[in-house]
Amino acid sequence: MESLRPQRLQPGIGYGATPTGTLRSSLRPGVTGHATTSQIAQMSVSVSPGPPPPPPPLQLHSLGVGIMGNPGTGATAMASQGSNNPTNPAVLREAVDAVVRSFAKHTQGYGRVNVVEALQEFWQMKQSRGADLRNGALVVYEMVPSNSAPYVCYVCLPGGSCFGSFQFCPTKAEARRSAAKIALMNSVFNEHPSRRITEEFIEKSVCEALASFNGNREEADNPNTGIGAFRFMLESNKGKSMLEFQELMTVFQLLHWNGSLKAMRERQCSRQEVLAHYSHRALDDDMRTQMAADWANREQSVAGTIGRELAATERELEEARLAGRELRFYKEKKDILMLAVGQLGAANTATLPCV
């Protein structure tokens with residue numbers, strides 16, 4: 001039986017499989033039907049409802065430490081002066097510029113810094129100090145094709161986190177710099193000890209989850225409950241940073257969005273089995289292809305499905321980008337949907353968006 005376990009954990013299933021699936025397909029992320037709106041709206045790290053994950057790695061309104069570890073001198077303090085809107089463009093721009101200036105002061109001793117070079121050097125420095133970067137330290141930029149301003153650029157960090165230009169950028173070079181700025185800001189803050197998952201952080205998060213869901217302590221100690229699974233996820237990532245944890249959570253967000261977690265539950269896969277497997281599984285082309293196949297099948301069943309989902313995803317991506325948030329989840333959703341369009345080819349040109 002143990003020899004069959006690797007087969008059960010293969011990603012993706014074919015459309016139209018039986019509800020219970022097979023040993024080979026049980027833990028594949030593909031699904032057999034369309035995920036409802038309510039299923040997509042409720043994100044859970046487990047295969048049954050449970051408490052939500054911790055907040056994303058760096059939101060401007062949730063920064064609790066100052067620049068380079070000095071309390072009260074960072075983006076939080078600046079954002080709180082004169083504005084109650086943490087995603088106000090001017091406040092965000094000032095906060096990012098403050099981080100860049102501070103980074104320059106602490107690393108080069110002068111006030112001007114090439115943020116594109118600084119971001120690359122930052123990650124090369126992390127790698128030289130022993131950071132586990134499985135794909136190397138290269139920072140990758142992606143320009144959105146456009147013949148006129150405003151130009152938009154995305155930057156993918158070595159761990160997988162994604163950020164985008166958050167300002168109106170009249171040139172491609174400025175868009176690249178804008179993306180590098182917000183990525184550098186997140187990279188710098190992510191190094192602070194307060195951004196690490198510690199035993200104290202886990203206890204506080206679990207207690208907050210228990211209070212929010214009216215749970216009891218026994219639930220937190222039982223891995224078969226939603227809160228227990230939440231604790232399991234945190235314990236499994238003790239010592240990691242919030243940015244690293246968010247990269248892991250992106251996999252579970254996509255599995256939920258695609259309806260895969262619900263499908264696995266229906267195929268009687270245990271919560272612990274799913275968590276244990278996908279906690280060590282990086283998002284790869286195989287998973288993307290299987291999810292795209294699910295959306296292609298949904299489009300064939302209900303014309304216009306992909307177009308509606310893509311329009312909603314693009315709105316989410318744009319809103320998050322302008323607010324300076326981490327974008328991997330939204331960007332991956334869009335890429336998967338566009339991959340599904342490519343899989344369908346010319347068969348559904350009347351209802352599909354243009355590639």
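## Helices α9 and α12

The crossing of helices α9 and α12 is right-handed. This description, like the rest of the report, refers to a predicted model. Helix α9 covers residues 226-236 and helix α12 covers residues 271-278; their axes come within 11 Å and cross at roughly 20 degrees. Angles under 35 degrees count as roughly parallel, and α9 and α12 are therefore roughly parallel to each other.

On the α9 side, the residues that meet α12 are Gly226, Ala229, Phe232 and Met233. Their counterparts in α12 are Arg271, Gln272, Leu275 and Ala276.

## Overall composition

The protein contains 15 helices and 3 strands. It has 355 residues, of which 50% count as buried. Among contacts in the protein with a separation of 6 or more, 63% are accounted for by residues 24 or more positions apart.

## Helices α10 and α15

The crossing of α10 and α15 is right-handed.

Helix α10 contributes Thr250, Gln253, Leu254 and Trp257 to the contact, and these residues meet Arg328, Phe329, Glu332, Lys333, Ile336 and Leu337 in α15. The residues of the contact of α10 with α15 divide into 5 nonpolar, 2 polar and 3 charged.

Thr250 lies in helix α10. Its relative accessible area is 1%, so Thr250 is buried, the cut-off for a buried residue being under 20%. Apart from its neighbours within four places in sequence, Thr250 is in contact with Arg328 and Phe329. Glu332 stands 82 residues from Thr250 along the chain, and the C-alpha atoms of Thr250 and Glu332 are separated by 8.9 Å.

## Helix α13

Helix α13 consists of 17 residues, 285-301. At 1.5 Å a residue it should span 24 Å, and its end C-alpha atoms are 24 Å apart, which agrees.

The buried residues of α13 are Met287, Arg288, Met291, Ala292, Asp294, Trp295, Ala296, Asn297, Arg298 and Glu299. An α-helix has 3.6 residues a turn, so residues three or four places apart point the same way.

Terms used
Residues numbered from 1 in each chain as written. Predicted model: local features only at pLDDT ≥ 70, side-chain atom pairs only at ≥ 80, totals over all residues. Heavy atoms only, no water. Left-handed = near helix turned anticlockwise from the far one by under 90°. Helix = DSSP H or I, 4+ residues; strand = E, 2+ residues; numbered from the N terminus. Contact = heavy atoms within 4.5 Å. Nonpolar A, V, L, I, M, F, W, Y, C, P; charged D, E, K, R; others polar. Axes fitted to C-alpha atoms, helices over the stretch in contact; angles between N-to-C directions. Parallel < 35°, antiparallel > 145°, perpendicular 65-115°, else oblique. Expected span 1.5 Å × (residues − 1). Buried < 20%, exposed > 50% of the residue type's maximum accessible area, 1.4 Å probe, protein only.
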